[in-house]
Amino acid sequence: MIIFIHGFGSSGFSFKADRIREYFQDRESLLAPSLSYVPKLAIQTLEEIIEYGLTRERVCLIGSSLGGYYARYLSDKYDIKAVLVNPALNADIRLSQESGMATNYYDLTKFEWSSSHIEQLKALKIEKSNEKNLMLMLQKGDEVIDHREALEMLPNAKLILEDGGDHSFLGFKEYLKEIEEFF
């Protein structure tokens, strides 16, 4: 089973989720849940899915941006493989700047992001990861997160590093075979 974990304000109907569904439709079971913006609720949902999945099959994660932060935490907790796409590995710091009203990009609804959400993110912070379970996909042109942050934090993870690109990871679908091989 592959679980795609979307980023802040996104959903299980994102472009990457759709590409993953297309590629893996006849190969693996796939879940791309639309998670709560509340970190504690999002993690609880993902933990329940992983624990259920592990009783039946192998579980692997693909996390984008904030989803990469969650995927790193869950990879360590369950000793499973995860691909982190332009991950927000310091999400607690980065998202502290987002206090107030935020937008869900799927339906354009608003939600309130507060300091209690930042505290929930801090509770998930990982200082040292089992890097053999991690693959980083980074683009130097990411306008939201400096790719060097992930390189410093996870120097021994499997790495795909590209010049250019953006936070969405342009050309993502071109790497789905490599993701499959990593899993």
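Which element gives the most to the lining of the largest cavity? The structure examined here is a predicted model, in which local features need pLDDT of at least 70, side-chain atom pairs count only at pLDDT 80 or more, and totals for chains, interfaces and linings use all residues. Residues are numbered from 1 along each chain as its sequence is written, and side-chain values use heavy atoms, with hydrogens and water left out.

Helix H3 gives the most to that lining, with three residues. Helices (H or I, at least four residues) and strands (E, at least two) are DSSP runs, numbered from the N terminus. A cavity is a set of points, on a 1 Å grid over the protein atoms alone, where a 1.4 Å probe fits but cannot get out, and lining residues have an atom within 4 Å of a point. The count comes to one cavity of 30 Å³ or more. The volume of the largest cavity is about 50 Å³, a volume being the space filled by probe spheres set on grid points that are joined across faces, edges and corners. Its lining consists of Tyr69, Arg72, Tyr73, Leu89, Leu124, Lys125, Ile126 and Met153. Six of these residues are nonpolar, none polar and two charged, where Ala, Val, Leu, Ile, Met, Phe, Trp, Tyr, Cys and Pro count as nonpolar, Asp, Glu, Lys and Arg as charged, and the others, Gly among them, as polar.

Helix H3 (residues 66-78) also packs with helix H2 (residues 39-54): their axes come within 11 Å and cross at roughly 40 degrees. Axes are lines fitted to C-alpha atoms, for helices over the stretch in contact, with angles running from 0 to 180 degrees between N-to-C directions. H2 and H3 are therefore oblique to each other. The contact (heavy atoms within 4.5 Å) involves residues including Ile43, Leu46 and Ile50 of H2 and Tyr70, Tyr73 and Leu74 of H3. By class, this contact has 10 nonpolar, no polar and three charged residues.

Pockets were also identified, a pocket being an open set of points with protein on both sides within 12 Å along at least five of seven lines. The largest pocket has a volume of about 660 Å³ and is lined by 30 residues, with Gly7, Phe8, Ser65, Tyr105 and His167 nearest its centre. This lining comprises 14 nonpolar, 11 polar and five charged residues. The second largest pocket holds about 180 Å³ of space. Among its 15 lining residues, His6, Ser10, Leu35, Ser36 and Tyr37 are the closest to its centre.

Note on methods. Angles under 35 degrees count as roughly parallel, over 145 as roughly antiparallel, 65 to 115 as roughly perpendicular and the rest as oblique.
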